[in-house]
Amino acid sequence: MTSKAATYPTRAAVLAAAAGVPLALLVGVVVPQAWYAGLAWPAAVLLLCAFDALTGARSATVTLSAPASASVGETLDLTLDVTVPSAPSRVEIALAAHPLLVAEDDGRSWMALTAGRGAALLPVTAIRRGTASVERVWLRWRGNLGLVWKQRTIDTGVTFPILPDIRPVQNRGAEIFRRHALQGLMAQIDRGDGTDFESLVEFRSGMDRRAIDWKQSARHSKLHAKEFRTERNEQVVFAVDCGRQMSDPVAGLPRVDRAVSAMLLAAWVALKLGDRVALHAFDSRPRIASGLVSGAGAFAELQRLAARIDYGADESNYTFALTTLAARLTRRSMIVLFTEFTDLTSADFLVRAVSRLVETHLLMVVVLRDEELEAIVDRPPVDADDVTRAVTAAGLLRDRWVVLTRLKHLGVHVVEAEHDRVGDRLVAAYVDLKRRNLL
């Protein structure tokens with residue numbers, strides 16, 4: 001940990017030196033031959049500043065502690081321990097925060113010291129995924145006379161990863177399981193309406209009559225029915241568009257981060273239900289193409305891969321991305337595509353690429369509701385500009401509805417949800433498709 005020192009005058013020193021200017025002018029006018037006597041005041045201030053700089057505390061040590069990792073949107077506390085020997089009662093702190101972090105009050109704070117030591121918690125908010133760092137910390141305090149600032153720049157080199165927000169998985173995963181009774185559903189979908197023969201059982205009221213095995217019923221003199229189980233190890237591929245339009249914020253977080261959180265929640269449920277999961281990310285070209293993983297233990301690998309999804313500035317190339325993805329799949333799979341479109345041109349490319357994909361695979365498109373446009377349409381107009389904005393927003397929403405309707409006519413399952421409910425809606429749609437044996 002390296003440190004750099006700097007000393008410079010305070011406002012009080014500047015004002016004190018400036019106060020001697022009228023006196024120097026007066027001496028120069030009244031006693032011209034002794035004009036140099038007017039410099040006595042600034043010289044005295046300069047000497048006092050030098051004395052203030054050379055006395056008192058002149059060194060400092062800082063220990064910065066950060067969490068091992070953080071989630072997007074999470075506010076975390078950085079712990080700062082400061083030691084300044086023979087220092088005054090408090091020091092001012094400033095952090096060089098990474099662009100991925102937003103610190104309160106620009107990372108500035110005052111810390112009270114007791115016997116030259118103190119500690120503080122500095123809250124910062126992680127706004128995007130990546131590797132965040134706090135490269136340096138600035139400390140400064142006034143000298144004993146209050147005429148100079150003594151500043152120390154200390155390099156910390158603290159780094160930590162900002163991962164996709166998995167709090168919905170941790171907090172809402174169990175809740176979703178309880179609400180949908182997925183533990184019971186696992187037994188239900190394993191045995192009942194599948195296509196793989198499981199066992200021959202005595203026919204009971206409520207069972208599908210088409211499942212009756214008449215040959216075995218005649219042999220046993222009782223009605224017997226075939227019981228089937230749903231196929232396991234189905235392939236679920238999550239394709240995340242990380243292009244320019246997905247970088248737009250929704251309620252303070254980019255759309256791609258909302259999509260990644262929903263993807264992780266659905267992937268966790270899919271792994272729990274015995275399916276195999278893969279991740280595909282793209283913008284102008286494919287960026288991440290993982291293999292299929294299975295088992296609850298593979299969730300950590302998906303989380304690590306999701307942390308690598310970057311924020312793209314390029315336009316999304318649906319044709320290239322989905323064609324590449326289809327070429328890697330050797331059997332019918334469920335493809336969950338997270339995307340966003342704001343113009344009919346990009347939407348037309350999406351529809352064309354999807355029309356070829358649905359011939360072989362089961363496709364689900366997940367989009368976030370444009371709550372900003374809906375709010376503009378619903379807001380009562382006050383002036384002519386409000387009317388213009390409302391008409392424009394209504395036109396954009398109409399175009400969006402047309403595109404989603406075209407996708408549904410192609411056989412695509414569309415999930416359009418609010419940003420805070422997209423994970424729940426996606427899981428419900430996935431469970432419904434699995435219950436109906438459409439995978």
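**View 1. Arg244 in its loop.** Arg244 sits in the loop between strand 13 (235-241) and strand 14 (249-250), with helices (H or I, at least four residues) and strands (E, at least two) taken as DSSP runs numbered from the N terminus. The model is predicted, so local features need pLDDT of at least 70 and side-chain atom pairs pLDDT 80 or more, while totals for chains, interfaces and linings use all residues. Residue numbers start from 1 along each chain as its sequence is written, and side-chain values use heavy atoms, leaving out hydrogens and water. Arg244 is partly exposed, at 37% relative accessible area (buried is under 20%, exposed over 50%, partly exposed in between; 1.4 Å probe, protein chains only).

**View 2. A network of salt bridges around Glu340.** Here Arg255, Glu340, Arg400 and Glu416 are linked by salt bridges (a side-chain nitrogen of Lys or Arg within 4 Å of a carboxyl oxygen of Asp or Glu). Arg255 and Glu340 meet at 3.3 Å, N to O; Arg255 belongs to helix 6 and Glu340 to the loop between strand 18 (334-338) and helix 9 (344-357), 85 residues apart. Glu340 also pairs with Arg400, with the closest N and O atoms 2.7 Å apart. Because Arg400 is in helix 11 (residues 384-409), this pair ties together parts 60 residues apart in sequence. Glu340 is buried at 2% relative accessible area, and Arg400 counts as buried at 6%.

**View 3. The salt bridge of Asp275 and Lys434.** The closest N and O atoms of this pair are 3.0 Å apart. Asp275 lies in the loop between helix 6 and strand 16 (276-282) and Lys434 in helix 12 (residues 422-435), so the bridge joins parts 159 residues apart in sequence. Both residues are buried.

**View 4. The largest cavity.** This cavity has a volume of about 70 Å³ (a set of points on a 1 Å grid over the protein atoms alone where a 1.4 Å probe fits but cannot get out; lining residues have an atom within 4 Å of a point; the volume is the space filled by probe spheres set on points joined across faces, edges and corners). Arg255 and Glu340 return here in the lining, which also includes Met246, Phe338 and Val422. Helix 6 (255-272) and strand 19 (362-368) each supply at least two lining residues.

**View 5. The second largest cavity.** Ile376, Arg379, Pro380, Pro381, Asp386 and Arg389 line this cavity, whose volume is about 40 Å³.

Notes
On a 1 Å grid over the protein atoms alone, a cavity is a set of points where a 1.4 Å probe fits but cannot get out, and a pocket is an open set with protein on both sides within 12 Å along at least five of seven lines; lining residues have an atom within 4 Å of a point.
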